[in-house]
Amino acid sequence: MLHLPKDDPAIARLIEKEEKRIETTLDLIAAENHVPLSILEAMGSILNTKTIEGYPGNRFHAGCRYVDEIERLAISRAKLLFGAEYANVQPHSGTSANLAVFFSVLELEDKVLAMSLPHGGHLSHGHRASLTSKCFTFQHYEVDRETERIDYESVRSIAEEFRPKMIVVGASSYPRLIDYEKMAHIAEDISAYLFTDMAHIGGLVAAKVIPSPVPFSDFVSFTCYKTMMGGRGGVILCKHRYGSKIDRAVFPGCQGTSAVNLIAAKAIIFKLAQDPQFIEIQKRTVADAVSLANELAARGYRIVTGGTENHQVIVDLGSKGIIGEIGEDTLESVGIITNRNVIPRDVQTRGTVSGLRLGTAAVSARGMGPGEMKEIAELIDEALINVNRKNVLDQVAQEVAALCRKFPVYG
Ligand SMILES: *Cc1c(COP(=O)(O)O)cnc(C)c1O
């Protein structure tokens, strides 16, 4: 940073501290990742200053010749990477992308079936705190009591009774693969749209490490900052026949001017995602999650669904008599950054939860592998069984710091 320390030393110092925090802690937040420096360069570039409305070749302000090329590249690379017929790269976030999908083909109060939030679904899938629940009539499906996985027969019977105009599949907290073909059959049989929200798993899908929802879905949305490694922002993919509806729903329907710097960042990650290095990171992300789940299970932690097939490991801390809040705070105190999470049929109530959601995307991006997952499981366990022993926690913190030094984020 050349200019910021002069203009605003307070903010400059805080950014420096944040950078140090990132280098010296283990990021196990499933919704985060370390992004390439080229992405940060594009996001902090002069592109911030261009105001655009509309789409390439059809703008409402002059001076768009270069940004039109940037947006066209982002669109064509998104389509190529995911084998999609149509792409809109303007959504500011996953939630914005989802709003645009809903408003593209639904009327107010139309019926939508989605996964319940405590069972893994997202706020923007009709949770009562979200605008989506005020605009549309949602019903929610839950996971099976025994397997904690989606019960497709139950989804089918709810769908046949409720008759939604759209079915939403995809989750914030669900460590298993989803059978998109089955969901597509259910949707088709009741003439509903199928909308897949792959916010968390976009990078894994891009690298073809897990199955893609694109061939089976009318609409797919994702965010670029989770496994995708591309920084902030959302994207919508859809069938060609919905393209103009989606475009109108994003702008002017749900958003005004879009962020050219973020559109450029999306273009860059869609290029980098074709490199062997990206594919390798995504493969390792899943392998690392499997290792971490196994290592924690071996230490007596109950893993929700019994394991993982993506980047997430959902731990039921109730199996150790700890609540999520204490787990999250204790781990943060030793430099392991996680988030507490509600789990299906959570026994905790009144604002506390039993779960801890872990994700391996960021540590795998840092180059860590199975050996480190074993070490991380050991460190998590050491901390969590010694919540009140400051000397043990200090020792764990030192080991976390040493591990981080071995795997620098930005070298
Ligand atoms: C993270 C996430 C989103 C995203 O949203 P933001 O608006 O970018 O915070 C949407 N859907 C799901 C399923 C998610 O996990």
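What percentage of the 411 residues of the protein chain count as buried? The share is 56%, where buried means under 20% relative accessible area with a 1.4 Å probe and protein chains only as cover. This is a predicted model, in which local features need pLDDT of at least 70 and side-chain atom pairs count only at pLDDT 80 or more, while totals for chains, interfaces and linings use all residues. Residues are numbered from 1 along each chain as its sequence is written, and side-chain values use heavy atoms, with hydrogens and water left out.

Select the C-alpha trace of the protein chain, which spans about 65 × 60 × 40 Å along its principal axes. Its radius of gyration, taken over C-alpha atoms, is 22 Å, which agrees with the value near 22 Å for a compact globule of 411 residues under the rule of 2.2 Å times the number of residues to the power 0.38.

Next, colour by secondary structure: the chain has 16 helices and 15 strands, these being DSSP runs (H or I, at least four residues, for helices; E, at least two, for strands) numbered from the N terminus.

Now select the open sheet of 4 strands, antiparallel in its pairing, in the order β11-β12-β15-β14; two strands pair if DSSP finds at least two bridges between them. Its edge strands, β11 (302-303) and β14 (339-341), each pair on one side only. Zoom in on β11, which 2 bridges join to the antiparallel β12 (residues 312-316), and end at Arg302, which stands opposite Asp316 in β12.

How values were computed. Buried means under 20% relative accessible area, exposed over 50%, partly exposed in between (1.4 Å probe, protein chains only).
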